[in-house]
Structures are given as C-alpha cells and as structure tokens.
Amino acid sequence: MHAASPASLGARRLLSSAARRLHTADPVGLLGGYLDESLALPPGAQAYRRPHSFETRFSERAPSTLAFDLSPADPLAGPPERVAGATRAMRQVVGGTFGPRALSWVDGRSEPLSYGSGDAWFSSCFDTAGLRESEVTYAWAPQTADSLARPIHEAVQAATEAMPSLRPALTTVRCGRSYGSQEVTFGVDGALRLADLRPVMERFGLGDQHTRLTNALAFVLGARFVLPPDTTLLTLRPSPAGMELRVDVDLEAIPDIPPNVATLLQLQLVERPQGLRALERWVGAMTPAGMVNPGELALLSVVVAPGCGPRLAIQLRPSAILATPDAGPPPALEPIPAAASSMSRSPWDPRR
C-alpha cells in the first residue's frame, strides 16, 4: 500500500475542474478507478516522469475536448503489467460505453498486438456528450506486422520504402462512438532532417503540405530544421479522406529547446485565432488553483491531413502530479451529464 495522499487526488481534482471549464463530461466517474491505480504514489514520485504515466493532451483539431494518457497499473509495475493493464482498461471502457460490437472489433485488433509487446498505455478523449474515443497503444513486437490489417500493412511497407530510416515502433487501436481505426508510429534512425520527410509525404499525397509542416515545426523549435536522434516519431493513420501524418517531437529530449517555447506555440496560432483561444482556454483549465503553471510540456505534435493544413497538438505532464498540492480533498463537483441521445444506443450496436 502506498502513501495516504496519492497523486490521484490531484489528478481527480484537476480533471473534474478542467471538465467544468472546458464544458465536457467529467472523466473521473468513468476512469477514477484507473487514476487511483496508476497514481497511487505521492505527487512528485519519479515514476510519474515515465512517458504516458499521466499526461493531458491538447489538439487544435479537437479543441473542445478533454483528453489524457494513462498507464493503468501500479506506478512501479513493469512492462508486462502495463500491457495487461492498458488492454484491460480498453476492453472495459469500450465494452461498457460503446457496447459488445465495438468490444469485439477492439478485441480482434488489440489481442494479437498485446502478445510480446514491451509496453502499452491507454488514452481517452471526452466531449460534452461523454466518452468520445478511447485508444490503446502497444510497443512494436516481432509478430506485430503479421497482425496488421492489409491497408495498414501496405502503408508500413510504402512508408519504409519512401523513407528507409523509418522503423515501426508503436501501433494504436482507436475506438469511438461509431468507428474504429488503427495507426502505426515509426521511430527514425539517426537525426531527422525535416527536408527528408518530403518523399514519405509525397507517397501519401501530402507533398504539397511539406513546406508548411516543416515551417510549423521549425518555428516552435527555434528555427531548428534538424532534430537529434531519438527525439522524433512519425505516425500514419488511414482515414476516409486519405492518409493523415503526425510528427511528434519529444521536447524533453531536445537539449536546447527555446525557453520561450510556450510563446512560440501561441505565435504559431496567431493566424488561427480560434485555435489560439482554444489553447489559452485549455492551459487555464490545466492550471490547478495555487500553482503558477499547468505543468511541463512533454510532446509537440504537428498533424497534416488531406485538405487540412498543419495543426498543432501538445502533451503536458501536469503540475498536479509533479508537486505536492496544498489543497485538501477533491471538491464535490457534479459531472456534466452525457447527452441522453448518446446513452440510448451505440452506433456499434446492430440497427433495429
């Protein structure tokens, strides 16, 4: 048994407060037990600096949502326990929220991915109607390629042919109210020249956005056009409109990140005032009472998709788990109820 004042209290308080400020459903009612399990140590524990232990997420493409990553296992657990915990959380949440057909779809894709995987984590996104989407991400294993559906398997082959320095690193199964999808994330061997992204972007019909993506990343990173080894991930996600591409940069691994990176993020959004207002609102919602900032920036992402220019996303390691809170027990906040229409029948269920 861990400390009497675990970090989960601060995380619960943060998410409930953020839900009120962002006008989303409160995730604590559905995921509170996983928070308690994952954040059982006191705030500031070294275990919380492991990526995805508990990180909140902002996406310019989904500005009115509350999203976060979590490792549903004891914070001192090893990789096998984290894989089992993430798989269990995904099954329970999807089955209990979206129904048996959605669960069957998730099982068919995630079960073979979990075997032999060296790590995993669980993610969820909430909007005004409740749970919008859940995800489970697995580290790539020797048999992962054989478990992929044909379209994503072909995408992996095409990507590595266009950019030989790519190596599959992760795969994510995503399940929403009426759809499911799978994406693959690649690591990059050696340093990444942003110019080298052009061939893989052209291969998937995104070549016309290469310059804009490069400029968006370089601007926030202080005019850096070459990223050090082991700092960058590239994700491909098939969608009805075509392939989406996301570049993730581990800000904590960049040795000389600009000290004003938060200001540069805001400046990048000046020409998209709706996105800027959404980011400012989210930062306010992520800042606990009595603390001067929301936490530590962990990840910067830029996403491009057919017909949509670069959009920003970030992940934050919240102050609520990094520092000892001076507040008392979590306030008794009433969660915003999910819309009645979303509770009546899941689109995953058979049509009646």
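Contact here means that heavy atoms lie within 4.5 Å of each other. The model shown is predicted, so that local features need pLDDT of at least 70 and side-chain atom pairs count only at pLDDT 80 or more, whereas totals for chains, interfaces and linings use all residues. Residues are numbered from 1 along each chain as its sequence is written, and side-chain values use heavy atoms, with hydrogens and water left out.

**View 1. L213 and the largest nonpolar core.** Leaving aside its neighbours within four places in sequence, L213 is in contact with L197, M201, L245, V247, V302, V304 and P310. L213 is also among the residues with the most contacts inside the largest nonpolar core, a list that includes F54, V200 and L300; this core has 90 residues. A nonpolar core is a set of buried Ala, Val, Leu, Ile, Met, Phe, Trp, Tyr and Cys residues joined through side-chain atoms within 4.5 Å, where buried means under 20% relative accessible area, exposed over 50% and partly exposed in between, for a 1.4 Å probe and protein chains only.

View 2. Strands, like helices, are DSSP runs numbered from the N terminus (E, at least two residues, for strands; H or I, at least four, for helices), and two strands pair if DSSP finds at least two bridges between them. Strand β9 (residues 232-239) pairs with strand β10 (residues 242-250) in the antiparallel sense over eight bridges, and the two form a hairpin with two residues between them. Within this pairing, P238 has M243 in β10 as its bridge partner. Strand β10 is also joined to strand β11 (residues 295-305) by six bridges, again antiparallel, and here V249 stands opposite L300.

**View 3. The aromatic pair Y34 and F122.** Rings of Phe, Tyr and Trp (its six-membered ring) pair if their centres lie within 6.5 Å, and planes under 30 degrees apart count as stacked, over 60 as edge-to-face and the rest as tilted. By this rule the count comes to three aromatic pairs. One of them, Y34 with F122, is tilted, with 6.4 Å from centre to centre and 55 degrees between the planes. This pair links helix α2 (residues 28-38), which holds Y34, to strand β3 (residues 120-127), which holds F122, across 88 residues. Both Y34 and F122 are buried.

**View 4. The aromatic pair F58 and W282.** The rings of F58 and W282 are tilted as well, at 5.8 Å centre to centre and 50 degrees between the planes. Because F58 lies in strand β1 (residues 54-59) and W282 in helix α10 (residues 273-286), the pair ties together parts that are 224 residues apart in sequence. F58 counts as buried at 5% relative accessibility, and W282 counts as buried at 1%.
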